[in-house]
Amino acid sequence: MSVVTRFAPSPTGFLHIGGARTALFNWLYARHTGGKMLLRIEDTDRERSTDAAVAAILDGLTWLGLTWEGEPVHQFARAARHREVAEELVARGKAYRAYETADELNDMRAKARAEGRFARYEGTWRDRDPSEAPPGVAPTIRIKSPLSGETVIDDRVQGRVAFPNKDLDDFVILRSDGTPTYMLAVVVDDHDMGVTHVIRGDDHLTNGGRQKILYEAMGWEVPVMAHVPLIHGPDGAKLSKRHGAMGVDAYRAMGYLPEALRNYLARLSWSHGDAEIMSTEEMVEWFDIDGIGRSAARFDFQKLESLNGHYIKAMPDERLLETLTAALPHLPGGNEFLARLTPEKRGRLRLALPGLKDRARTLNDLFARADFIVADRPLALDAAASALLDPAARSLLAGLVPVFQAVEDWQAPAIEAAVKAFTGERAVKLGQIAQPLRAALTGHATSPGIFEVLAALGREESLARIADQAAS
RNA sequence: GCGCCCUUCGUCUAUCGGUUAGGACGGCAGCCUUUCACGUUGCAAAGACGGGUUCGAUUCCCGUAGGGCGCGCCA
């Protein structure tokens, strides 16, 4: 039987990092086994679900390169089917109508909590005759959970997990307005969609027990379950906005590459020996549920950055240039940079890229360091650059002009040879000329190798920038 | 409060009873060097605690502590 996994986000916000990892695992497992991953939008909460969130989630998945099979299933559209199953359960005596109002239930819960008791539905209407139903109350449908014994799920990650049935109450499966609850909808949809493997966050572990009760009530086969540990923030607490619970679009805006994020996320609670840097093909080949660990992982931005730097360096220049220009609109300040990137400057950027990418860990970092490429003359100098351009330095720069005019092949090696000959003549150290040159050409005290900068800028622009700063 | 889960360097992890407990990120130091990086070499850094089981426990069991998740007509 072919593997069918699914990713089932609720569209109440962006695709957060934990969801992205869950989607990644489902995707990897489906690819690894030659199966498929389905996408289901869990929008039964009509109050909180929004179209914008659906769009954000699809966008996030697409950016991450996680593809799904077929059209996304919208859970709410299947409400009639869910109702049908709920009614069938009532007809079979596996579920019953309960006539408490939501307010009454809330009061009962509040009271139980205040008294330090577990707020559990006591099954008041479980065996009561429906003829006793109070008039004017629309009932919910509740499942009859077993009263004794235990419900066991054999989880592929967590192992055998047993829940005492006395703690599992008769949860609502159909609301009084006739719409299904999550618990019902998930089970019916997973069954109807032919899902064979449910891979999700372990915050759903106890739900797994409840869902098993539903599967058994319907006489359906329970899918393989794999509850993956959650991702925590750097301080070990639940991931919140404070650390990393932003949407994946926020990671894109921070200049991370999807392949870097994929690689990083894959290594959270999953490993394959000592493998750290993995191509997507390798991840697909190596991924297995057996490799998933059982403890929660903390999100570590430094490691993500390190990986991201690796992928930036590894990317061929032409592709990196395309990737950067495509990403720019999503990066803070990116549009301004893009607006100034004339075709001529784009050519210079392309030439400077090898030196630039070694120094960058994010795309933001990359284009920030490339500001000298798009800058217009006369360059604004930062404090460190100004300090380098003392009178002696300015006079040395003036001496360089004829040297540069005489360079025949305006490439880094020839330029370097010419400059070294010049430093020999003047008996100065390379640093004494390289630093003022850097300041004049880039406006900063740091930059890629100075000869690469000269080559990238071109002779004309380089000489003009030098003239702006040289002693006349 | 009740239930369930987790616990190896600061972080992510390897180890599937016998290892000098390995790798990666980060840190520190050296090298490279025109700056900053990159690269490279080396160093420091871990089995929460207490009991068992065993010839031998990081590994198996129990307890304690700490952390997490769940306990909605949310998903």
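The model is predicted. Chain A contains 21 helices and 12 strands. Its radius of gyration is 31 Å, well over the 23 Å that the globule rule gives for 472 residues, so chain A is more spread out than a compact globule.

**Overall form of chain A**

- Along the principal axes, the C-alpha atoms of chain A fill a box of roughly 105 × 45 × 40 Å.
- Of the 472 residues in chain A, 37% are buried.
- Among contacts in chain A with a separation of 6 or more, 79% are between residues 24 or more positions apart.

**The surface near RNA strand B**

- There are 64 residues around RNA strand B, and those that come nearest are Ser10, Glu42, Tyr182, Lys238 and Ser295.
- By class, this surface has 21 nonpolar, 23 polar and 20 charged residues.
- H19 gives the largest share, four residues.

**Helix H3**

- Helix H3 covers residues 79-91, which makes 13 residues. From its first C-alpha to its last it reaches 18 Å, close to the 18 Å expected at 1.5 Å a residue.
- His82, Val85, Ala86 and Leu89 are the buried residues named in H3. They cover an arc of only 100 degrees around the axis, which puts them on the same side of H3.
- Ala80, Glu84 and Ala91 are exposed, on the other side of H3.
- The cover over the buried residues of H3 includes three strands, S4 (95-98), S5 (140-143) and S8 (172-174). It also includes helix H5 (182-192) and helix H6 (205-218).
- Gly93 follows H3 and has a positive phi, near 75 degrees.

**Helix H10**

- H10 has 14 residues, which should span 20 Å at 1.5 Å a residue; the end C-alpha atoms of H10 are 20 Å apart, which agrees.
- Leu304, Leu307, Asn308, Gly309, Tyr311 and Ile312 are the buried residues of H10.
- These buried residues pack against H8, helix H11 (317-327), helix H13 (343-357) and helix H14 (363-369).

- Most residues other than glycine have a negative phi, and most peptide bonds are trans.
- Ser269 has a positive phi, near 70 degrees, and is not a glycine. Ser269 lies in the loop between helix H8 (258-266) and helix H9 (280-286). Ser269 counts as buried because 21 other C-beta atoms lie within 10 Å, and the cut-off for a buried residue is 20 or more.
- Ala427 also has a positive phi without being a glycine, at about 55 degrees. Ala427 is in the loop between helix H18 (412-426) and helix H19 (430-442). Ala427 has 7 C-beta neighbours inside 10 Å and therefore counts as exposed, the cut-off for an exposed residue being 12 or fewer.
- Arg377 and Pro378 are joined by a cis peptide bond, with omega about -10 degrees. Pro378 is placed in the loop between helix H15 (371-374) and helix H16 (383-388).

**Two single residues**

- Phe372 lies in helix H15. Phe372 is buried, with 21 other C-beta atoms within 10 Å.
- Apart from neighbours within four places in sequence, Phe372 is in contact with Leu441, Thr442, Gly443, His444 and Ser447.
- Phe372 and Gly399 are 27 residues apart along the chain, and their C-alpha atoms are separated by 23 Å.
- Asp103 lies in helix H4. Asp103 has 8 C-beta neighbours inside 10 Å and so counts as exposed.
- Asp103 and Ala266 are 163 residues apart in sequence, and the distance between them is 44 Å, C-alpha to C-alpha.

Technical notes:
Residues numbered from 1 in each chain as written. Chains lettered and ligands numbered in written order. Predicted model: local features only at pLDDT ≥ 70, side-chain atom pairs only at ≥ 80, totals over all residues. Helix = DSSP H or I, 4+ residues; strand = E, 2+ residues; numbered from the N terminus. Expected span 1.5 Å × (residues − 1). Arc of directions from axis to C-beta. Contact = placed C-beta atoms within 7 Å. Near = placed C-beta within 6 Å. Nonpolar A, V, L, I, M, F, W, Y, C, P; charged D, E, K, R; others polar. Rg over C-alpha atoms; globule rule 2.2 N^0.38 Å.
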